[in-house]
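Here is a short report on one protein structure. Look at the sequence and the model before reading on.

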Amino acid sequence: MFSQLIVIDDPTPRSGPFNMAIDEVLLSTTQSAILRFYRWSVPSVSFGYFVRFAEACAIAGDHAIVRRWTGGGIVPHDQDLTYSIMIGAKDDAFALPSKTIYQRVHSALGNALREIGIVSALVETETSKNSDACFANPVVSDVMESGRKIAGAAQRKTRSGLLHQGSIQRANLDERFRDLFARLLGQQITSGNIEGAVLREAEELAATKYATDAWLRRR
């Protein structure tokens, strides 16, 4: 899917606002496509830009919450593997329809799961929406295992790039899986890190946007 792909396996557990801010800053600065795996400092729930705050709180319980910049539903982050893909506007993949990108990412994800012995399949038809809980509502190209949705994602496309934020609700997906997933997405893989300038900008963005009541309660 990508001729060049930078892979960042971020080992530092971070707060929800900080994780969201890092994704946004990377999107605004990248030239090549980036695949970032990341961790959470505490059990958390992220919810889509259009979800109502009260609905997210009802599902989150006592978990920390953060509103995403992307759409989609309400996603728990505790034992899952969370990742994001940032596609710069100059990358050839940016010209693809968003649904095509979604399908190709999840196809690679499903193939990587099967390589490590997890039988999975992509959803092929739409189903009716039951709630704002993301993993209660499979959509086309989501990943299923034994009738249960285990991988979904949300996207946001701007003039400068596309952000794809995904969650795989399955514990113990190790380095082998992450490496397989990356290699199914990119032809040339480069290992990367989050630079200090990105972290400083993201820290400010987290404090002034993602951690504020104005952002959390905007709906």
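## About the model

This is a predicted model, in which local features need pLDDT of at least 70, side-chain atom pairs count only at pLDDT 80 or more, and totals for chains, interfaces and linings use all residues. Residues are numbered from 1 along each chain as its sequence is written, and side-chain values use heavy atoms, with hydrogens and water left out.

Helix H4 spans residues 175-185. Helices (H or I, at least four residues) and strands (E, at least two) are DSSP runs, numbered from the N terminus. Which residues of H4 are buried? They are Phe 177, Arg 178, Phe 181, Ala 182 and Leu 185. These residues cover an arc of only 130° around the axis, which puts them on the same side of H4. The arc is that of the directions from the helix axis to the C-beta atoms. An α-helix has 3.6 residues a turn, so residues three or four places apart point the same way. Buried means under 20% relative accessible area, exposed means over 50%, and partly exposed lies in between (1.4 Å probe, protein chains only).

The face of H4 turned away from the buried side carries exposed Glu 175 and Arg 183. At the start of H4, a side-chain oxygen of Asp 174 comes to within 3.2 Å of the backbone nitrogen of Arg 176.

## The second largest pocket

Rolling a probe the size of a water molecule over the atoms shows where empty space is left. The search uses a 1 Å grid over the protein atoms alone. A pocket is an open set of points with protein on both sides within 12 Å along at least five of seven lines, while a cavity is a set of points where a 1.4 Å probe fits but cannot get out. Lining residues have an atom within 4 Å of a point. Grid points are joined across faces, edges and corners, and a volume is the space filled by probe spheres set on the points.

The second largest pocket holds about 280 Å³ of space. Its lining has 15 residues, and Val 7, Ile 8, Asp 9, Ser 191 and Gly 192 lie nearest its centre. S1, H4 and S11 are the elements that give two or more residues to this lining. H4 gives the most, with four residues. By class, the lining has seven nonpolar, three polar and five charged residues. Here Ala, Val, Leu, Ile, Met, Phe, Trp, Tyr, Cys and Pro count as nonpolar, Asp, Glu, Lys and Arg as charged, and the others, Gly among them, as polar.

## The cavity

How many cavities of 30 Å³ or more does the structure hold? There is one. About 120 Å³ of space lies in this largest cavity. Its lining has 18 residues, with Ser 46, Arg 68, Val 75, Gln 165 and Gly 166 nearest the centre. Strand S5 (74-77), strand S9 (148-158) and S10 are the elements that give two or more residues to the lining. The lining divides into eight nonpolar, nine polar and one charged.

## Residues in the loops

Val 140 sits in the loop between strand S7 (121-122) and strand S8 (143-145). Val 140 is partly exposed, with a relative accessible area of 32%. Leaving aside neighbours within four places in sequence, Val 140 is in contact (heavy atoms within 4.5 Å) with Tyr 102, Val 123, Glu 124, Thr 125 and Glu 126.

Ser 141 is in the loop between S7 and S8. Is Ser 141 buried or exposed? Ser 141 is buried, at 6% relative accessible area. Its phi is positive, about 80°, although Ser 141 is not a glycine. Ser 146 lies in the loop between S8 and S9. Ser 146 has a positive phi of about 50°, again without being a glycine. Ser 146 is exposed, with a relative accessible area of 78%.

## Residues in helix H5

Lys 209 lies in helix H5 (residues 196-210). At 15% relative accessibility, Lys 209 counts as buried. Beyond its neighbours within four places in sequence, Lys 209 is in contact with Glu 24, Trp 69 and Trp 215.

Glu 201 is also found in helix H5. Glu 201 counts as partly exposed, at 43% relative accessibility. Glu 201 and Val 25 are 176 residues apart in sequence and 7.1 Å apart in space, C-alpha to C-alpha.

Definitions and conventions. A polar contact is a pair of N or O atoms within 3.5 Å; within protein, one must be able to donate a hydrogen and the other to accept it, and residues adjacent in sequence count only if both atoms are side-chain atoms.
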